[in-house]
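Here are a few notes from my pass over the strands and how they pair. Have a look at the structure first, then read on.

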Amino acid sequence: MAHKVVDVCVVGGGLVGGAFASALAKSNIAVKAAMKICVLEASKLKSQPTSNPNFSNRVVSLNPSAADFLKDIGVWDNIDKEKRYPYYNINVLDSVSNTPLSFSTESADFKSPIAYIVENEAMINGISQSLLNYKSSNPNFTVHDSTKVGSIALLQNSAKSGFLDNDWPVIELEDGSTIQSRLIVGSDGGNSIVRQFAEIESHGFDYSQTAIVATLKIAELDDNLSAWQRFLPTGPVAMLPLAPGYSSLVWSLPSRLSAQVSRLPSETFIHLLNTAFQNPLLDLQFMLSQIQQGKEKDVNFEAEMKWGQERAAGQTQRVGDASSEAVGWKGGKVPLVTGLPNDNRAGFPLRLRHAKEYIKNRIALIGYHA
């Protein structure tokens, strides 16, 4: 059976693989050489962008250079404008020293955003549109979605062939069709079949931390153009602006505690989260200790939060004693969390995974597992 032959086959058309394929399709070298490019993606690419009025709980932060790259490859304009939000300030606080740091571009003459918060789903939709646009306009660019790779192998006589055509690896899809490619680019996740074919080892470990992500409703401000992050002994907590009145949460905690916190009633969770951002460290430590002991039902979290703030504001502090003093955000007042729209809380274990090599003969790894 004759194989379909291409120059580059990208396995995995998600955030990284899709962006790479789009950039390659637009590159001068691919255009001049009439390079044949193929993208294999297990999920179904959406032919039309979907407008979801709800916010997703998974986001990425893109700096201006990354945004410019997406503009250059034709992806940026495909991302729903309501789902990419610029911010101009970053406020960071260390709970031990209580010494805040603030970074801002609002005072600069060019007033460029520090970065953009973009929902993962909107990014994937934008990249899908880009891939389908290249597919319709470039006969040398093909996309196979809803397609899974069954296996990757070399032809039996390839060991003696040097760099001839029959040295090119062959991808067999689950439907039985085959693709032979001069170069395979693997962007197919942590359990990459491309990495396994290339016999590239990976190493890593678990951090024993789990990040809680969620969409937050915050008290209305004149704007919502700032990101907030506080480093705590149990892990950092961050609030990233999504839109006026809405932010995205990423809160890293020890995995067992993270599961307990995620299961709290929404109202209790909100009071705990506001304490994490706005109260002295001792208040948060007390609340978390009660949760760890299963005594959260015996605690009035709202009353504890308010009492801690009043106590900290009214007492004289010793120099350097940050554990009980009022939180001193230098870049303004951190927004008050008032709700959990659609309560889309979820937990993502934090792990390190790293391939020991990125390239082998006719193989390149990019993205998550590289």
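1. Quick reminder before anything else: this is a predicted model.

2. I'd start with β14, residues 237–243.

3. On one side of the pairing story, β14 runs antiparallel to β13 (residues 226–231), with 3 bridges between the two. If you want a landmark, W228 has M239 of β14 as its bridge partner. The two strands make a hairpin with 5 residues between them, and G235 in that turn has a positive phi of about 135°.

4. β14 also pairs with β15 (residues 246–254), again antiparallel, through 6 bridges. Here P241 has S247 of β15 as its bridge partner. This hairpin has 2 residues between its strands, and G245 takes a positive phi near 90°.

5. Now for the other sheet I looked at. Three strands form an open, antiparallel sheet in the order β3-β7-β4. Because β3 (59–62) and β4 (84–87) are at the edges with a single partner strand each, one side of each has no neighbour in the sheet. From one strand to the next, the twist averages 25°.

6. Within that sheet, β4 and β7 (residues 115–119) are joined in the antiparallel sense by 4 bridges. Y85 sits opposite I117 of β7. Which helix packs on this sheet? That's α4 (residues 120–137), which touches β3 and β7 and whose direction makes about 85° with that of β7.

Notes
Residues numbered from 1 in each chain as written. Predicted model: local features only at pLDDT ≥ 70, side-chain atom pairs only at ≥ 80, totals over all residues. Heavy atoms only, no water. Pairing = 2+ DSSP bridges. Axes fitted to C-alpha atoms, helices over the stretch in contact; angles between N-to-C directions. Contact = heavy atoms within 4.5 Å.
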